[in-house]
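Open the structure in your viewer and keep the selection tool at hand. This tour goes stop by stop.

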Amino acid sequence: MPEEGVPLTPKANLLTTEEILTLARLFVKEGVDKIRLTGGEPLIRPDVVDIVAQLQRLEGLRTIGVTTNGINLARLLPQLQKAGLSAINISLDTLVPAKFEFIVRRKGFHKVMEGIHKAIELGYNPVKVNCVVMRGLNEDELLDFAALTEGLPLDVRFIEYMPFDGNKWNFKKMVSYKEMLDTVRQQWPELEKVPEEESSTAKAFKIPGFQGQISFITSMSEHFCGTCNRLRITADGNLKVCLFGNSEVSLRDHLRAGASEQELLRIIGAAVGRKKRQHAELFLMFHNSPPGNPSIFSWDPLHVQGLRPRMSFSSQVATLWKGCRVPQTPPLAQQRLGSGSFQRHYTSRADSNANSKCLSPGSWASAAPSGPQLTSEQLTHVDSEGRAAMVDVGRKPDTERVAVASAVVLLGPVAFKLVQQNQLKKGDALVVAQLAGVQAAKVTSQLIPLCHHVALSHIQVQLELDSTRHAVKIRASCRARGPTGVEMEALTSAAVAALTLYDMCKAVSRDIVLEEIKLISKTGGQRGDFHRA
């Protein structure tokens, strides 16, 4: 919850009970078989039990679910179950009461836990617990959440942190699915993959012997847009075919204007026909789309056709009860400074220790030489006969290795302005370059033939706009503990980030120069430290 709270939509703008049921009947008639009531917080709506009871009477509707913060769940659940509620998701981002109060801006942790146990007591299985994982806030609780599934029939769903207005999203707060999975696997190596339905949004896993399971919702790192069959209706009656898209169609206004069922179907069909294979707008840059028609749905005026006959968007029509519409996606890390210009700084991290002095964001000032400057007069990657050979590091001691490299991309004024204002057609060049730099560091040994594979414990890629030179300055840092250095990983990261910027901007200008790809510093190893003057 933002510190300032959220503005509530006037009651007159919200869908009435009858309007909700009218739309529900229409969608169920066309093949929808699951409706989830979400929010905001659905359980603060006084007619929620009555709505569930009336939804339950719709022929063809198999599942009625609710996503709730859990505060009122224990009190209302017996009535909701009797009315026909069949599935429960409870949002809970921490198991620490004090942290809970900080996140949601109110007390109530124990009420949420009471609601979870009430759901189990009433026979709901599984009870889904949604946990948005944020670096620096709750990623240290992954194992605690997973441990809950040992004795309880829970499906703990770890959700990648996604951008919404007001949540102050930035890339370095996101903990990826792979990183979360690795953390859990280190504790429980026997973790098993569980099959899921084709249109499932979650990747499910189970620890043998545990009652419940864990799942990962990978909206950012591995999108599931190609099989998504969800539609959402906001509290004020706007249809959204993609949670992250800005496009909305007001079904409420058409209902109140007296639109017929046929007219509503045509309006809905036109919106569904525009549903994309990938996240709308901002998220297009994260993934490569499969070839083919950009729309994954087709629409017969009376019958939905898509992934399966009459089942193409059957999972969820989400009605947001509370007075907020689904927020639009903001430009990433964009900050307006004085004189009306944009200053954008991007930093990504893959690190369990954010307090490293060597790798913390710092100035771009050159470092002075320090320590012994030991070098070899012979090339180490050739044998005595001059043939290429990999260095044997088996007898070298493991030490902490850190390296920092940099690069500069001279964009020119036109491309620079588009990058600065995030107006490139390909997407946000800074974020894409940042991701590329992180990825490149991880696969350096696959790109440079004689490099050893290094298990990196930290990668950080920073990009800074330099308006005086119309340039982007890149700084890549890598850290590992092992017998060999990480200079190549840092240099590869900086170079690939620079190449990615070129690729993102080449349609605008071919007069782009990559320069100053260089090692800034390295520490650890027998040859001592290096710091460029």
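Of the contacts in the chain with a separation of 6 or more, what share comes from residues 24 or more positions apart? They account for 71% of those contacts. Keep in mind that this is a predicted model.

**The whole chain**

Start with a cartoon view. The chain holds 13 helices and 21 strands. Now colour by burial. Of the 533 residues in the chain, 50% are buried.

**Helix 1 and helix 9**

Select residues 17-29 for helix 1 and residues 261-273 for helix 9. Their axes lie 12 Å apart, and the helices pack at an angle of about 70 degrees. Angles from 65 to 115 degrees count as roughly perpendicular, and helix 1 and helix 9 are therefore roughly perpendicular to each other.

Next, show the side chains where they meet. Helix 1 brings L26, F27 and K29. Helix 9 brings E261, L264, L265 and I268. What kinds of residues make up this contact of helix 1 with helix 9? There are 5 nonpolar, 2 charged and no polar residues.

**Helix 2**

Move to residues 48-55, which form helix 2. This helix is mostly covered, with 6 of its 8 residues buried. Select V48, V49, I51, V52, A53 and L55 to see the buried residues. What do they pack against? Their partners are helix 1, strand 1 (34-38), strand 2 (63-68) and helix 3 (73-83).

**The aromatic pairs**

Now show the rings. The whole structure contains 6 aromatic pairs. Zoom in on F158 and F216. Their ring centres are 5.7 Å apart and their planes stand at 35 degrees, so this pair is tilted. Where in the chain do F158 and F216 lie? F158 belongs to strand 5 (residues 154-160), and F216 to strand 8 (residues 213-217). The pair links distant parts of the chain, with the two residues 58 residues apart.

F158 has 0% relative accessibility, so F158 is buried. F216 also has a relative accessible area of 0% and is therefore buried.

F205 sits in strand 7 (residues 202-206), 11 residues from F216 in strand 8. Both F205 and F216 are buried.

Which residues do ring pairs link into a cluster? They are F145, F158, Y177, F205 and F216.

**Charges over rings**

Two lysines come next. Select K193 and look at F205. The charged end of K193 sits over the F205 ring, 5.3 Å from its centre. Then select K203 and look at Y177. Here the charged end of K203 sits over the ring of Y177, 5.5 Å from the ring centre.

**Last stop: S215**

Finish in strand 8, where S215 lies. S215 has a relative accessible area of 1%, so this serine is buried.

Conventions: Residues numbered from 1 in each chain as written. Predicted model: local features only at pLDDT ≥ 70, side-chain atom pairs only at ≥ 80, totals over all residues. Heavy atoms only, no water. Axes fitted to C-alpha atoms, helices over the stretch in contact; angles between N-to-C directions. Helix = DSSP H or I, 4+ residues; strand = E, 2+ residues; numbered from the N terminus. Parallel < 35°, antiparallel > 145°, perpendicular 65-115°, else oblique. Contact = heavy atoms within 4.5 Å. Nonpolar A, V, L, I, M, F, W, Y, C, P; charged D, E, K, R; others polar. Phe/Tyr/Trp six-rings, centres within 6.5 Å; stacked < 30°, edge-to-face > 60°. Buried < 20%, exposed > 50% of the residue type's maximum accessible area, 1.4 Å probe, protein only. Lys NZ or Arg CZ within 6 Å of the ring centre and 35° of its normal.
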